[in-house]
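Reader: I'm new to looking at protein models. Could you walk me through this one?

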Amino acid sequence: MLDFARSALRSALGVEQAVQADVERHSPIAGPHRIDEKLHEAVEALHRTADSMERHVAILETLATSLPPLTESVTQLTAQIGQLLELGAPLQAAERDISRLGGLFRRRHPDSPDSLESPDSPSAEAS
């Protein structure tokens, strides 16, 4: 009777080993050590992601602290440009008036070939 129990136990263990072999063969991750490796890789990926996020947060904090001084500098620059434009307006008007005044002293004869040349050219001085 003991032989019958032994053979039944061996048969059951053989079936269990065959099932385990089939599971390992068809499983995308073979064996418990492979599961540990995949879990370790996933944890490392999460650590890298967390480190990257911390660096991004630090960069954003730096950007946020630099915005108020930058805004102030741009405001001051705008005011200075406005002052320069105010100073340049009389100079532009004077330049425009001088160019009009210079047009009064030039003589132009529409039929003469010398009218195509500038008044400072040598042929204009010779005539």
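Reader: How much of the accessible surface of the protein belongs to carbon and sulfur atoms?

Author: This is a predicted model, where local features need pLDDT of at least 70, side-chain atom pairs count only at pLDDT 80 or more, and totals for chains, interfaces and linings use all residues. Residues are numbered from 1 along each chain as its sequence is written, and side-chain values use heavy atoms, leaving out hydrogens and water. The accessible surface (Shrake-Rupley method, 1.4 Å probe; for residues, only the protein chains shown count as cover) comes to about 11,600 Å², and the carbon and sulfur share is 63%.

Reader: What share of the 127 residues counts as buried?

Author: Buried means under 20% relative accessible area, with exposed over 50% and partly exposed in between (1.4 Å probe, protein chains only). Of the protein's 127 residues, the buried share is 2%.

Reader: Okay, and which helix has the highest confidence?

Author: Confidence here is pLDDT, the predictor's score for each residue from 0 to 100. Helices are DSSP runs (H or I, at least four residues), numbered from the N terminus. The mean is lowest, at 50, in helix H3 (residues 122-126), while the highest, 88, belongs to residues 31-104, helix H2.

Definitions and conventions:
Helix = DSSP H or I, 4+ residues; strand = E, 2+ residues; numbered from the N terminus.
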